[in-house]
Amino acid sequence: MAIFGSSVPSKDGLDLLLLGLPRDPLATVEGLIQSLASASGNQQSIQATVQAVCEGVGADAAFWFSRSTEKVSAMTGSRTLTPAWCGRFARAALAHSPTDREVVLLTTPAANSAQEPANGTAAEPQPHAALLCRNDQTSGYIVAVTFRTDKKFDEADAKIARVAYKMLLTQRSQIQNGVKQLLLGLVHSLTAVIDAKDPYTAGHSERVARIAALLAKKLGLSPALQGDVFLAGLIHDLGKIGVRDEVLHKPGKLTAEEYEEIKQHPVLSDRIVASIKPFDRLRPAVRGHHERYDGTGYPDRLAGEAIPLLARVLAVADSCDAMMSPRRYRPGLSPIQIDLVFTREVGRQFDPDIVAAFMAVRAQIYPPIYQQGIGESAYHAIDHIVNNLTDGSMMKLPAMKDAE
């Protein structure tokens with residue numbers, strides 16, 4: 001492949017880019033503005049942007065190539081291409097493109113992998129030129145191709161593609177910021193609901209979240225997973241809103257029937273979290289935080305490493321704060337007493353590696369971790385979730401379902 005051009009500098013603003021466009025391409029961009037404004041989902045926004053690039057640069061075909069899944073979508077143009085061919089072509093084009101350019105112009109770009117015939121059939125015609133547009137802030141690439149020998153993409157075409165892509169990024173950023181604020185408000189509301197249900201344990205969820213995040217960091221988990229276990233800690237007891245007050249607040253020993261009702265709260269928590277699509281990845285931790293390492297826990301009686309890792313982390317954090325905190329029927333346990341419980345329950349109730357991590361950071365936990373405000377920590381955790389949402393899961397949050 002021969003590279004013969006690049007985009008205008010990425011620091012240029014949208015207004016400066018528009019000033020250099022001739023009338024016809026400017027009309028294309030104006031049409032894209034209207035399309036993005038009326039798009040009801042991220043996929044529609046991508047489709048509109050790919051189509052605008054295809055028309056604006058005079059390509060025979062254009063498509064979107066996902067960075068994470070390598071799937072092809074939003075195919076458009078006068079030339080019909082198969083998704084399989086587009087995928088092979090995109091991978092070949094990316095392999096021959098410098099990584100420091102947002103818009104790359106290529107000549108004779110088709111690599112051997114894109115030309116190989118399948119089942120003895122003739123290879124598809126080789127494009128004469130291609131344009132590749134990308135940005136680290138989004139999840140995919142726009143690829144435009146032409147099969148006409150009299151057509152080459154030039155700097156004017158690169159500018160059109162750059163403007164269109166910048167518009168998509170701007171819209172995506174606005175949507176993401178809106179979703180982040182919505183989810184942050186939702187987390188605050190959910191923790192308030194939990195505290196209102198049982199004021200005696202107010203602050204428990206926040207402390208569990210902080211202990212769990214501390215353990216996750218000590219275990220060497222990624223910042224994204226540290227954020228996940230923090231959020232899961234905040235909402236792990238949400239299902240208690242479905243437990244009767246007389247059972248939840250009972251000062252004495254529970255009956256077998258009452259204990260069975262209590263044991264349903266992780267299932268109810270999971271059901272509520274399942275209705276919040278961006279929090280889907282938190283469900284295993286929320287559902288499994290009362291599983292035991294020896295398989296005698298609830299609700300699914302999982303054992304050992306079959307218990308999701310973040311659920312095993314939450315189990316230690318949840319138990320730690322429960323033991324530290326005074327209850328109606330007993331005072332809080334001392335650090336020495338808590339250490340003895342964890343030591344006794346290694347390999348029975350708790351994962352040995354996570355208990356070892358707890359012991360390594362116990363000085364940061366005793367005295368108890370009190371509520372310090374969840375805003376900043378929650379925002380960073382949500383930031384990881386929203387920035388990694390798939391193309392189709394960002395736009396709408398389904399209404400929360402009532403616990404049954």
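Start with P299, in the loop between α12 and α13. Helices here are DSSP runs of H or I, at least four residues, strands are runs of E, at least two, and both are numbered from the N terminus. The peptide bond from Y298 to P299 is cis, omega near 10 degrees.

A word on the source: this is a predicted model, local features need pLDDT of at least 70, side-chain atom pairs count only at pLDDT 80 or more, and totals for chains, interfaces and linings use all residues. Residues are numbered from 1 along each chain as its sequence is written, and side-chain values use heavy atoms, with hydrogens and water left out.

Now the rings. Phe, Tyr and Trp (its six-membered ring) pair if their centres lie within 6.5 Å; planes under 30 degrees apart are stacked, over 60 edge-to-face, the rest tilted. That rule gives eight aromatic pairs. Take Y259 and Y298: their centres are 6.2 Å apart and their planes at 85 degrees, so this pair is edge-to-face. Y259 is in helix α10 and Y298 in the loop between α12 and α13, so the pair ties together parts 39 residues apart in sequence.

Buried or exposed? Buried means under 20% relative accessible area, exposed over 50%, partly exposed in between (1.4 Å probe, protein chains only). Y298 is buried at 12%. Y259 is partly exposed at 39%.

Elsewhere, F342, F350, F358 and Y366 form one aromatic cluster.

E70 has phi near 60 degrees, in the loop between β2 and β3. A74 sits at about 55 degrees, in strand β3, and is buried at 7%.
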